[in-house]
Amino acid sequence: MMELSSFFPTFCSPDLLLFVAPLWIAVVVGVLVGWVWRPSWARDDKLFTFFNNNLPRPAATTTTTTVPSFESRQVYKEKSGFVTGDDFRHLWNLVEVKDGGPAWIQMMDRSTPTFSYQAWRRDPHDGPPQYRSRTVFEDATPEMVRDFFWDDDFRSNWDDMLLFSSTLEACKDTGTMVVQWVRKFPFFCSDREYIIGRRIWDASRVFYCVTKGVQYPSVPRQSKPRRVDLYYSSWCIRAVESKRGNGEMTSCEVLLFHHEDMGIPWEIAKLGVRQGMWGAVKKIEPGLRAYQRAKAAGAGLSPSAIMAQINTKVSVEEFMNERDSTGEVAGDEKPSSGKNIPKMLVVGGAIALACTLDKGLLTKAVIFGVARRFARMGKRM
């Protein structure tokens, strides 16, 4: 929902397009070659149906309505398929580095006088790359940052990838929302649609904010924009000591955990993240400062920001005691595994492009390198 979801579609930057466009041309050439000699089963009147059907596909999201006892005393309504207590448990495990996943590999460490950002990545064997980031804003409260990221009306002022947002449901007992987003993607992709369930838990001003893709049959699936089913973007917001060294808790830390399957080959998506990360992240702090100024000037809260203030109260100590006595419950969805682009099409397209369109060794090395990665991925499936 925040930093990483903002720079995932930054393939539109000129430098990145020069770098990635040859790779996509290679794929298209491979598809065209494969189509000319297509087998009998590949009869379709749309050229790219074969290509689309072989992109990575997520498995159906599974959810549970099991509610831990520390929440059972709360008055609330909760619907199957949206955001539940298990999602809070999973986010807590991610924050405490107790989820049992692969080790995180650091990608970035940048800062300005009033803002710092660190990012990590890991590659699970059965899903898209996962990202973790730590952002610290000077002179910001957890409540302000919480409202800022939840405020869809204001988001368009700083997130230029958001084309459309709409609230489909909002529960005023728990603060659970279901929202629809449409995000802008580059010219060689259709825009993407997200149906997102989201909810916030409050552990004494430590906010656990869960957002994830949910099933919502009343909004029919369309060919364009293409719906993203596998989407997880959740964060923990809390006050931390200012880096000024005065001992005051006047800074705000945001720990974000993000992954999604956008229907773009994962290796190419990783290139886009590496190239566009800092440029997109830098836009967030000016947006937050503008939000602070607007609230200081008396601007009212939008409906989505009002919902951000309806939180489920939790006691971390009670949760820890219960967790130790009952054991952990897994709450993350798993995507399907083997559905990469047929490696012969990618390798064939890479050879054709490298040998006919470019004589530079660097570009050839990049093309063949990506092709080899796809081939190795195919062997493991």
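Figure 1. A residue is called buried when its relative accessible area is under 20%. Phe257 has a relative accessibility of 3%, so Phe257 counts as buried. The model shown here and in the other views is a predicted one. Phe257 is part of strand S10. With neighbours within four places in sequence left aside, the residues in contact with Phe257 are Leu91, Leu94, Val95, Trp104, Tyr131, Arg132, Tyr232, Ser233 and Ser234. Arg121 is 136 residues away from Phe257 in sequence, yet the two C-alpha atoms are 9.7 Å apart in space.

**Figure 2. The whole protein and its confidence.** The protein has 381 residues, and 51% of them are buried. Its elements are 13 helices and 11 strands. Of the contacts between residues at least 6 apart in sequence, 68% join residues at least 24 apart. The average pLDDT is 76, and 62% of the residues score at least 70. Among the elements, helix H6 has the highest mean pLDDT, 98, while helix H4 (residues 69–72) has the lowest, 38.

**Figure 3. The nonpolar cores.** The largest nonpolar core contains 46 residues, and Phe137, Val145 and Phe149 have the most contacts inside it. Helix H8 (residues 266–281) supplies the largest share of this core, 6 residues. A second core is separate and has 18 residues, among them Leu94, Tyr208, Tyr232 and Cys236. Which residues does Phe137 touch, leaving aside its neighbours within four places in sequence? Phe137 is in contact with Thr114, Phe115, Val145, Phe149, Ser251, Cys252, Val254, Ile284, Glu285, Leu288 and Arg289.

**Figure 4. Aromatic rings.** The structure has 15 aromatic pairs. In one of them, the ring centres of Phe148 and Phe154 are 6.4 Å apart. The planes of these two rings meet at 65°, and planes over 60 degrees apart count as edge-to-face, so the pair of Phe148 and Phe154 is edge-to-face. Both Phe148 and Phe154 are buried. These two residues belong to one aromatic cluster that also includes Phe149, Trp150, Trp158, Trp235 and Tyr291.

**Figure 5. Arginines over rings.** The charged end of Arg146 is placed over the ring of Phe207, at 4.7 Å from the ring centre. Arg192 lies over the face of Phe185, and the distance to that ring centre is 4.9 Å.

**Figure 6. The salt bridge of Arg134 and Glu253.** The structure contains 19 salt bridges. In one of them, the side chains of Arg134 and Glu253 meet with N and O 2.5 Å apart.

**Figure 7. The salt bridge of Glu143 and Arg205.** The closest N and O atoms of Glu143 and Arg205 are 2.7 Å apart in this salt bridge. The two residues are 62 apart in the chain: Glu143 is in helix H6 (residues 142–150), and Arg205 is in the loop between strand S6 (192–202) and strand S7 (207–213). Glu143 is partly exposed, with a relative accessible area of 23%. Arg205 is partly exposed, with a relative accessible area of 43%.

Figure 8. The side chains of Arg183 and Asp159 form a salt bridge with an N to O distance of 2.9 Å. Arg183 is in strand S5 (residues 177–183), while Asp159 is in the loop between helix H7 (152–155) and strand S4 (162–170), 24 residues apart. Arg183 is buried at 2% relative accessibility, and Asp159 is buried with a relative accessible area of 3%.

Key: Residues are numbered from 1 along each chain as its sequence is written. This is a predicted model: local features need pLDDT of at least 70, side-chain atom pairs count only at pLDDT 80 or more; totals for chains, interfaces and linings use all residues. Side-chain values use heavy atoms; hydrogens and water are left out. Rings of Phe, Tyr and Trp (its six-membered ring) pair if their centres lie within 6.5 Å; planes under 30 degrees apart count as stacked, over 60 as edge-to-face and the rest as tilted. Buried means under 20% relative accessible area, exposed over 50%, partly exposed in between (1.4 Å probe, protein chains only). A charge sits over a ring if NZ of Lys or CZ of Arg is within 6 Å of the ring centre and within 35 degrees of the ring normal. A nonpolar core is a set of buried Ala, Val, Leu, Ile, Met, Phe, Trp, Tyr and Cys residues joined through side-chain atoms within 4.5 Å. Helices (H or I, at least four residues) and strands (E, at least two) are DSSP runs, numbered from the N terminus. Contact means heavy atoms within 4.5 Å. A salt bridge is a side-chain nitrogen of Lys or Arg within 4 Å of a carboxyl oxygen of Asp or Glu. pLDDT is the predictor's confidence in each residue, from 0 to 100.
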